[in-house]
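Me: I am new to this structure and would like to learn how to read its salt bridges. Could you take me through them slowly?

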Amino acid sequence: MKLGVNIDHIATLRNARKINEPDPLMALQILKEAGADQVTIHLREDRRHIKDFDAKRICQNSFLPVNMECSINPEIIDIVCKLKPHRATLVPEKREEVTTEGGLDVIKFEKEITHIIEKLHKNGIEVSLFIDPDFEQIKKASKTGAEIIELHTGKYANLHLALNTNINQTPFKVFENFDRKDLKKELSLELNLLKDATILGNELNLEVAAGHGLNYQNVKDIAKIKGITELNIGHSIIANAVFLGLKDAIVKMKELIND
């Protein structure tokens, strides 16, 4: 199973001080040495972490394939076409959200997405759609021309957090109503949904990736799903790099997903 490492939050740390370190570009060699299979960045419309000059330098200098997450905003798509990363992953985006809250609505935006995919393909860029594990969304995604779907694992991750950490005792609680029995049932249902969504994606000749909220505690059950070929993980690896160092943080994650 391949591991894409999202380095957005190296830029988040840099931008917090409005200086020029840590530089996301410096992570590229470390990712390669640690065994990462691709570098993932998200060029958000509000440029809250990765900036245009970051995206340009990373695309020009990366030893690994670059997976650029982006909204379907035409101006952003034009930038992606100019930079020509290995892959573009189309995601939904709200400026007020802390992180991506759900999957792209392919049913609602089918026409726009299909046109964007054609444009990206003309520029030699493969396309992934970041979607919820919803059967109708997956069926529609298979008709757009995208080669890959990335299943949104955010609900699974939040359920796992609520059940296995003290997060609900902090200001960052993920569920207001905490009932352990109900959450266990929901976690099992969500995991089975991700398995079934993967089967459907494969049957429709789509490569299936997964990501969002995955960490060292919850990744193993996702890594065991047959048919998922790639995980994209960022925040947890960068957070652990503060204590472990970036190379060891990546190596540890690789060991977990390939155990």
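Reply: Let us begin with the general idea, which is that side chains of opposite charge can pair when their charged atoms come close. In this predicted model, a search of the whole structure finds 14 salt bridges.

Me: Which residue forms a salt bridge with Glu207, and how far apart are the closest N and O atoms?

Reply: The partner of Glu207 is Lys2, with the closest N and O atoms 3.7 Å apart. This pair links distant parts of the chain, since Glu207 belongs to strand β7 (residues 207-211) and Lys2 to strand β1 (residues 2-6), 205 residues apart. Glu207 counts as partly exposed because its relative accessibility is 27%, and Lys2 counts as partly exposed at 35%.

Me: Where does Glu230 lie, and which parts does its pair with Lys2 tie together?

Reply: Glu230 also forms a salt bridge with Lys2, the closest N and O atoms being 4.0 Å apart. Glu230 sits in strand β8 (residues 228-233) and Lys2 in strand β1, so this pair ties together parts that are 228 residues apart in sequence.

Me: Is Glu230 buried or exposed?

Reply: Glu230 counts as buried, because its relative accessibility is 2%, which falls under the 20% cut-off.

Me: What separates Arg57 and Asp54 in helix α3?

Reply: Arg57 and Asp54 form a salt bridge with their closest N and O atoms 3.4 Å apart, and they are separated by about one helical turn because they are 3 residues apart in helix α3 (residues 52-61). Arg57 is partly exposed, at 23%, whereas Asp54 is buried, at 0% relative accessibility. Elsewhere, salt bridges that share partners join Lys2, Arg87, Glu126, Glu207 and Glu230 into one network.

Definitions and conventions. Residues numbered from 1 in each chain as written. Predicted model: local features only at pLDDT ≥ 70, side-chain atom pairs only at ≥ 80, totals over all residues. Heavy atoms only, no water. Salt bridge = Lys/Arg side-chain N within 4 Å of Asp/Glu carboxyl O. Helix = DSSP H or I, 4+ residues; strand = E, 2+ residues; numbered from the N terminus. Buried < 20%, exposed > 50% of the residue type's maximum accessible area, 1.4 Å probe, protein only.
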